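Here's a quick briefing to get you started. Take a look at the structure first, then read on.

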Amino acid sequence: MNEVIKDLFTQVKEVQPLIHHITNTVTINDCANVTLAIGGSPVMATSVEEVADMAQLAQALVINFGTIDDAMYEAMMLAGQAANKKGIPIVFDPVGVGATPFRTERAKDYLNTVNVSVVRGNASEVFALIGGNAHTRGVDAGDISISSRELALEAARKLNAIAVISGKIDYISNGTDVIGIDNGDLLLTKITGTGCTTASLIAAFAGVSTDWFAAAVAGMSTMSIAGELAKKQLKKDEGIGTYRIKLLDQIFLMDGNTWEEGVRFA
Amino acid sequence: MNEVIKDLFTQVKEVQPLIHHITNTVTINDCANVTLAIGGSPVMATSVEEVADMAQLAQALVINFGTIDDAMYEAMMLAGQAANKKGIPIVFDPVGVGATPFRTERAKDYLNTVNVSVVRGNASEVFALIGGNAHTRGVDAGDISISSRELALEAARKLNAIAVISGKIDYISNGTDVIGIDNGDLLLTKITGTGCTTASLIAAFAGVSTDWFAAAVAGMSTMSIAGELAKKQLKKDEGIGTYRIKLLDQIFLMDGNTWEEGVRFA
Amino acid sequence: MNEVIKDLFTQVKEVQPLIHHITNTVTINDCANVTLAIGGSPVMATSVEEVADMAQLAQALVINFGTIDDAMYEAMMLAGQAANKKGIPIVFDPVGVGATPFRTERAKDYLNTVNVSVVRGNASEVFALIGGNAHTRGVDAGDISISSRELALEAARKLNAIAVISGKIDYISNGTDVIGIDNGDLLLTKITGTGCTTASLIAAFAGVSTDWFAAAVAGMSTMSIAGELAKKQLKKDEGIGTYRIKLLDQIFLMDGNTWEEGVRFA
């Protein structure tokens, strides 16, 4: 898979795929800049009157539930259906699913109507997404009886999509194979948006490839490796402000060679 | 109060309180990162369909009027009532109140319906909030006949809440006592979001304490001290871009000892 | 024109004009900070219930189509009409016009109802705005038969406004004269928001002047010069994360003298 992924870094910079996001207002700027950093071109249209047209122009679609409301959900539906019709990949980020019934129900409803290509979340979000038992066992990652590795596999099968579970070790599964990524840094959990922007990275790679499993591995590992490299550059009198900036720098500077040197499969 | 506040820094990092924000789209990302920097966990749900559920999960609620419209206002009402029912603190930031009748009326309406724990604003905003004479005297801080110290005291009494007035010297009052903070830097007024994120800091501290007066002093002074420390690190060829980053760094790096060394009561 | 523009830098810092933005959620924070960096005061009210009141308080209005929907469009109409009534300049940024019929139609509709003072966009956006032939020739800048210089002139005449076309060389026209700016750096296209924030700069200068042509030249060239200076400071192991920060620094640090030293007319 290494050669395939290394090639994705070249492809994304050549093609500059248009990545349509319907995403939350918290990290929308981060998503745009991370898409640009890896070589893609972001567009963030959200009006129900144009999302289907915009999805038609795009090479991939990101759907993020961070700050959904009814209007945004309707736009996500229209864009998702247009993306399915065109055959472009959809990366779905179920932010906060499991926390409120509204999110959990809407997320399940969405997956029943739209075929998503990649689902990316933390363990508790994806667990809530696939299981009726999420509520009884609790949605906090610590309470989940299943390992992240098994969860990735099961989620991929149940959702008929590539599943990406971020955590200390990240797991990516296509329902048959599971790949673990042993990169990253704890500071990635201390800034907002590293999950959301991982979805942008996956979408950028998926937008130039038909191998969405490889694209998911590439996107997830790019974030974790960049998080590690950014930490190495951090001085003692610096904190998460500087870390956020260096993280974006490292994503921008990463190419196939840096990636291969940095990645540690688990 | 010093020992109480020093302890708050430890508590917030241990408990990692969930701080629910319904806030403006301008500085929502800054609020999330500042909440993380001090040790809290931000959530920014705004849909009327879930805000009450989310407030139930939270340890504190931030209500910020920066970019309100009718839908957001309705969500603020629902979240505020849920927060009151649960008994968690609400930090209210009346951004721009006094500038348009819409804001002023909605703010007064909000305070009539929801019990807020802390009100944080600049002098003109809080003055407009408590006085019918705000319009006649003008809403600009310079035109206000009352001193910020007196304003803090009067606002705390009239609003039955902790009042925090930011300015050259910041004043915090519980209606009986007034504490002044003589920290800060002019550059804090040259970047957006230092007011909004001060509310996030206060909420994070209030979320792990029942002493909301101490929490308000802790949050306000953390911002002002961090603003001072960030300025000291700024080089001649750097400006507000770098300043914003270093400010977030300093909030992240601050603990009870740094705070105690830095704070200057007035 | 040099002396006029140098004076604008002094004026904007003295007057601190209030710049009302109705803009997209992606770069709204960047717009606020860039407005502050040049010396203005940003306000971002978007509710239909108050935008007219807020525009009455402002010295200039920025209308940006990045993430428009029906509610935002209605607010833009009300604010635009209030701004026209008061006689303050409106800077219009037709983001993505030409990409979907929704945007193109709304943009034309807007220009038929509101008198805008400055239109700022890239070549394809402005071309779509003035021509029925934009769709047949495609909206990508490369497909446009007309040069950016000619486009600026023609757009200024057809739209009865100052036209600003950003590109490798930026062109600004009042319908009679055309001024080219040969500054900038390719990295300005690799971060989000440099177009949006150029509109903020133009509005800040236009808010303290009646010479909106000079204000447009000042705003556009400030961004391009700052982009050049920021690039010079960038080290090998830094990327667009650091670049964004240094760009904001350079805008903050720029004055009439730095501007005059840096500007290259084409």
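Which residues have the most contacts inside the largest nonpolar core? They're A:Ile172, A:Ile251, B:Ile172, B:Ile251, C:Ile172 and C:Ile251, in a core of 144 residues. A nonpolar core here is a set of buried Ala, Val, Leu, Ile, Met, Phe, Trp, Tyr and Cys residues joined through side-chain atoms within 4.5 Å.

This is a predicted model: local features need pLDDT of at least 70, side-chain atom pairs count only at pLDDT 80 or more, and totals for chains, interfaces and linings use all residues. Residues are numbered from 1 along each chain as its sequence is written, chains are lettered from A and ligands numbered from 1 in the order in which they are written, and side-chain values use heavy atoms, with hydrogens and water left out.

**Around C:Ile172**
- Not counting residues up to four places away in sequence, C:Ile172 touches several residues, including C:Ile162, C:Val164, C:Phe213 and C:Met220 (contact means heavy atoms within 4.5 Å).
- C:Ile172 is also the bridge partner of C:Val164 in E7(C).

**Strands** (DSSP runs of E, at least two residues, numbered from the N terminus)
- In strand E6 (residues 162-166) of chain C, 4 of the 5 residues are buried, meaning under 20% relative accessible area with a 1.4 Å probe, protein chains only.
- E6(C) and strand E7 (residues 170-173) of chain C run antiparallel, joined by 3 bridges (strands pair if DSSP finds at least two bridges between them).
- A hairpin is formed by E6(C) and E7(C), with 3 residues between them.
- Strand E5 (residues 118-122) of chain C runs parallel to E6(C), with 5 bridges joining them.

Methods: Buried means under 20% relative accessible area, exposed over 50%, partly exposed in between (1.4 Å probe, protein chains only).
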